[in-house]
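Hello,

Here is the structure I promised to pass on to you. Please have a look at it first, and then read my notes below.

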Amino acid sequence: MTASPARDPSSNRELSFQQPGTGSDPPVPLSGRAEETGEPRVFLWTVLTLLAVYASLRFVVPWISLWLGTSQIPVPVPRFAIGLYMLCAVIGALVYVNSDARRWRLFLGPVVRLFALPRERIRWPQAVVFGAIPLVIGALAWNRVMPSSQPPAQLRMQHPTMPQKYVSLENPFRKLPEAERQKAEAEGVILYQKNCRPCHGTSADGNGPLARGLRLRPVNFTDPGTIATVVEPYVFWRVKEGGIGLPAIGTPWESAMPAWSDLTDDEIWKVVMATYALAGKEPRKPEGASP
Ligand code: HEC
């Protein structure tokens, strides 16, 4: 909106299609401060008006529902609606300041002054604004990345249903003669101590050296409520697909359990067997299996 009609005070007739600030208005000095030139502080008032609109949406409107008696508590305006109203308010304010060439120039004055670097030294408003930009960006990034100790709003299901393709799998090493089974289990223990111990602990009690840093702690496998309550293919699935493979109902708290796609299926079966052995637990028998 660069071409807007402006009023020429000397002739008092309408001038159309005039570039803002190029008319016969007395020039508004971009460098002078408003208080020195005695001009209205358009920028300041625009910002204050927008702040007032925001404050009333945020704090006044919620109380109206109380006065109207429609609710027992102040009903907050949804964030999305506030955003929409604020967008309209900003557009409205810009249309207003831009509808008059002189007002537009007065509005731009502080903005131009902010960016115009003085020859002598940086003025303090510039120092504050430009110093705040990296700080604000830093704070926003910190807020996003910083793990919080707040529990997520949804409940997490510890044992969601396993995907269908795992249900009928069996641990091939359990069927081997005892000596060979023990050999496989010993290999599994080595794999466990190499890969799983940092989180799950040397004796599978969930107290590995890394466990303390995790918001969702690895479960204690020696507890009768954990791996002893599930069938072996279930544990196979959990090791193979990790926290990423959990269905939505298991994802709140963001499990740090890795997906062990770099272990072969045989290695996973061995490590699963070793996990049960270390925890001193037996897998649950599948329904209908002979004891
Ligand atoms: C980076 C840490 C970490 C490592 C390494 C890790 N886990 Fe986990 N694991 C977790 C966390 C945290 C959970 C709990 C959240 C979940 O169920 O996903 C978990 C859950 C599990 C579960 C599900 C238990 C249940 O009752 O639902 C099994 C089984 C498991 N891990 C086995 C293993 C095995 C075997 C290894 C090694 C091959 C391993 N984990 C390596 C962090 C880890």
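By the rule used here, a residue is buried if 20 or more other C-beta atoms lie within 10 Å of its own, exposed if 12 or fewer, and partly exposed in between, with C-beta atoms placed from the backbone.

Before going further, two notes on the source. This is a predicted model, in which local features need pLDDT of at least 70 and side-chain atom pairs count only at pLDDT 80 or more, while totals for chains, interfaces and linings use all residues. Residues are numbered from 1 along each chain as its sequence is written.

Back to S65, which you will find in helix α2 (residues 42-68). Helices (H or I, at least four residues) and strands (E, at least two) are DSSP runs, numbered from the N terminus. Leaving aside neighbours within four places in sequence, S65 is in contact with T70, S71, P74 and V75; contact here means that the C-beta atoms of two residues, placed from the backbone, lie within 7 Å. The C-alpha atoms of S65 and P76 are separated by 9.3 Å, and these residues are eleven apart along the chain.

The overall picture

The protein has ten helices and two strands, and from the N terminus on the order is β-β-α-α-α-α-α-α-α-α-α-α. Of its 291 residues, 16% are buried. Among the contacts with a separation of 6 or more, 59% are between residues 24 or more positions apart.

The cores

A nonpolar core is taken as a set of buried Ala, Val, Leu, Ile, Met, Phe, Trp, Tyr and Cys residues joined through C-beta atoms within 7 Å. The largest one has 22 residues, and F236, V271 and V272 have the most contacts inside it. Two or more residues of this core come from each of α7 (178-195), α9 (232-241) and α10. The largest share, nine residues, is that of α10. Another core lies apart from it and has five residues, among them V42, A101, W104 and F107.

V271 deserves a look of its own. V271 sits in helix α10 (residues 265-279) and counts as buried because 25 C-beta neighbours fall inside 10 Å. Beyond four places in sequence, its contacts are G188, L191, Y192, C196, V239 and L263. V271 and E187 are 84 residues apart in sequence, yet 7.7 Å apart in space from C-alpha to C-alpha. For F236, the contacts beyond four places in sequence are Y166, L169, I268, W269 and V272.

α9 and α10

The axes of α9 and α10 come within 10 Å and cross at roughly 115°; axes are lines fitted to C-alpha atoms, for helices over the stretch in contact, and angles run from 0 to 180 degrees between N-to-C directions. On the α9 side the contact is made by E232, V235, F236, V239 and K240, and on the α10 side by I268, W269, V271, V272 and T275. These residues divide into seven nonpolar, one polar and two charged. For such counts, Ala, Val, Leu, Ile, Met, Phe, Trp, Tyr, Cys and Pro are nonpolar, Asp, Glu, Lys and Arg are charged, and the others, Gly among them, are polar.

Why is α9 largely enclosed by the rest of the structure? Eight of its ten residues are buried, so the rest of the structure largely encloses α9. The buried residues are E232, P233, Y234, V235, F236, W237, R238 and V239, and what covers them includes α6 (164-167) and α10. Just after α9, G242 takes a positive phi of about 60°.

The loop between α8 and α9

A204 is in this loop and has a positive phi of about 60° although it is not a glycine. A204 is buried, with 27 other C-beta atoms within 10 Å. N207 lies in the loop between α8 and α9 too, but counts as partly exposed, with 15 C-beta neighbours inside 10 Å.

The ligand

There are 25 residues around the ligand, and C196, C199, P218, S255 and M257 come nearest; a residue belongs here if its C-beta atom, placed from the backbone, lies within 6 Å of the molecule. α8 (197-200), α9 and α10 each supply at least two residues of this shell, which divides into 16 nonpolar, eight polar and one charged.

Best wishes
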